[in-house]
Amino acid sequence: MNPPPISYRELTHNGLWKNNPALVQLLGLCPLLGVSNSVVNALGLGLATIVVLVCSNTIISLLRHQIPTTIRLPAYIIVIASLTTCVELLMRAYTYELYQILGIFIPIIVTNCAILGRADSFASRNSVIPSFWDGLVMGAGFLWVLVLLGAMREMFGSGTLFAQMSLIFGEVVNDWHLRILPTDIVTLAIILPPGAFICAGLLIALKNEIDYRIALHKQSTAPIHSGHKRVRVTGHI
Amino acid sequence: MLPRTSSPFLESQHNTGWIMRQVVLAAIPGTAMTIYWAGWGVFANIIIASLTALTLEAIVFLLRRRSVLFYLSDYSALVTALLLGVALPGSAPWWIAVSGSAFAIIIAKHLYGGLGYNPFNPAMAGYVFLLISFPLPMTQWPELGNVDGVTAATPLEFLQQNTTLSMAELWNGEILPFGPHDGFAWINIAFLLGGIYMLARKIFTWHAPVSMLVTLGLASAFFYDNGSATSQGSPLFHWFNGATMLGAFFIITEPVTSATHPLGRLIYGTAIGLAVFIIRAWGTYPEAIAFAVLLMNFAAPLIDRYTQSRVYGH
């Protein structure tokens, strides 16, 4: 039996919106909630995750005929852990300060269920190029939620936006730093993990609301088929 | 002809609006006493919190496409704002009351589905949000009875920081209990009176408040050693300090977030009393009512599950 042909458009839609790892699958919540307290942290971790996800999807897809099913999970973890170590060493070499801030959350990418999930449910069953693309869009879906969450929490928590972006982009972007709230107000509850849960919950609610509106719109513009007619027997007509 | 209507045929006069108005009425003496001792800043906080709460409640009901006037007239937002405002230090800047009641109304109440569906007491959720977010302005209480902006540690903070003085030395033997300068005792007595009034009007049953106060008294009596330096305060001290009476009669009796069955309410009150004593005696925060209440709000559905009466026939 041949698998159905892969539509890249659908893959992209799935990764970025419909099956978003952070908003719908709720995978990788630990880094999502742990480091999303500023844009720069979120961006740093998101980029690291994309790199690992793309590479692991590609490699696992290449090896999919060699890996026995019974020990596939340890095999995937070895691939992912090696890649994570590479990323960690690279970050230590080029963005040392960011590496220090993110701390344990870089090695913990290994246990990010979003990556293992894609390896098991997609890369192990599909050829290399779709797997590469799936890794890229899933990672991008994770990244945009992470950055948006980071922006929300940085704005309402520390009252700044894009602070310390030079940790990633160098000294050029020092003046990106915006101050939203007066200096003396720091809302600790938003910076601490409860804020991450609340903001993530709000984002999920927003996504559901947008989906609901879209569905409603589609329903109202869809042509009405004749045939079933029911008579309303209660209330005012 | 007789009009045909569906059940229920006996209508209770005790709708939500009536109950909430009784709660506001019962809270007046305690509130007035707090304002007398802690200054007009508390009054300002209550006003700011109420205006914010009512405005946001109206906006949320507009967004939810509900009748604004109908729901605003149940006074529940006002009660939340009142309880939150009374708990805030009078010297706190205005945005404290605003963000606290915004958190209480939007996050703790309406995001969970509005009145009747909130698992946590909105006022206490707002208070804890503020306490965790802004520890500095939230712990600067003016010295009671001296409202010229002098901040001082509350008796509970004194007790927590004290390591060397005995109880009698700590307060020179004159303030506690019920000395003329013991503002917290007078505030608590006023809230106790309000609570007894509500009990008499059958707004709530006696189970939760009585079990909470008894447990708190027993626990503090058990660990009380006649006032040495390591003492945790006598039962009277714990009963009439901090927000004990406010908590016992106005917070833990909230019907939505507490257990429902009488036995469940006994368990609920006992656990809160115990948690209050544990946090006050060995926790990092001097006052514990809000944390204890939120903790047991979590547990209320579980308590309900094990204490509900069996339906006849099952």
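**Note on the predicted two-chain model**

1. With 14 C-beta neighbours inside 10 Å, B:Ile59 counts as partly exposed, because a residue is classed as buried only at 20 or more such neighbours and as exposed at 12 or fewer. The structure under review is a predicted model. B:Ile59 belongs to helix H2 of chain B, which covers residues 40-63.

2. Chain B contains 15 helices and zero strands. Its length is 314 residues, of which 46% count as buried. If one takes the contacts in chain B between residues at least 6 apart in sequence, 74% of them join residues at least 24 apart.

3. The largest nonpolar core comprises 85 residues. The members that touch the most others are B:Leu83, B:Leu84, B:Met124, B:Tyr127, B:Tyr268, B:Ile272 and B:Val293. Domain 1 (16-137) and domain 2 (169-303) of chain B both contribute residues, so this core lies between them. Apart from it there is another core, of 46 residues, including A:Val52, A:Ala114, A:Ala119 and A:Leu167.

4. B:Leu84 deserves a separate entry. Leaving aside residues up to four places away in sequence, B:Leu84 touches B:Ala49, B:Gly100, B:Ser101, B:Ala104, B:Ala123, B:Gly126 and B:Tyr127. B:Tyr127 is also listed with B:Leu84 among the core members that touch the most others.

5. In chain A, helix H3 (residues 39-62) has 24 residues. The distance from its first C-alpha to its last is 34 Å, close to the 34 Å expected at 1.5 Å a residue. Of these 24 residues, 19 are buried, so H3(A) is largely enclosed by the rest of the structure.

6. Most residues other than glycine have a negative phi. A:Leu26, which is not a glycine, has a positive phi of about 55 degrees. A:Leu26 is found in the loop between helix H1 (8-18) and helix H2 (29-34) of chain A, and is partly exposed, with 14 other C-beta atoms within 10 Å. In chain B, phi of B:Lys202 is positive as well, near 60 degrees. B:Lys202 occupies the loop between helix H10 (183-200) and helix H11 (207-222); with 10 other C-beta atoms within 10 Å, B:Lys202 is exposed.

7. As to the interface, four residues of chain A are in contact with four residues of chain B. On the chain A side, three of the residues are nonpolar, one is polar and none is charged.

Conventions:
Residues numbered from 1 in each chain as written. Chains lettered and ligands numbered in written order. Predicted model: local features only at pLDDT ≥ 70, side-chain atom pairs only at ≥ 80, totals over all residues. Contact = placed C-beta atoms within 7 Å. Nonpolar A, V, L, I, M, F, W, Y, C, P; charged D, E, K, R; others polar. Helix = DSSP H or I, 4+ residues; strand = E, 2+ residues; numbered from the N terminus. Expected span 1.5 Å × (residues − 1). Core = buried A, V, L, I, M, F, W, Y, C linked by C-beta atoms within 7 Å. Domains from an automatic or database assignment.
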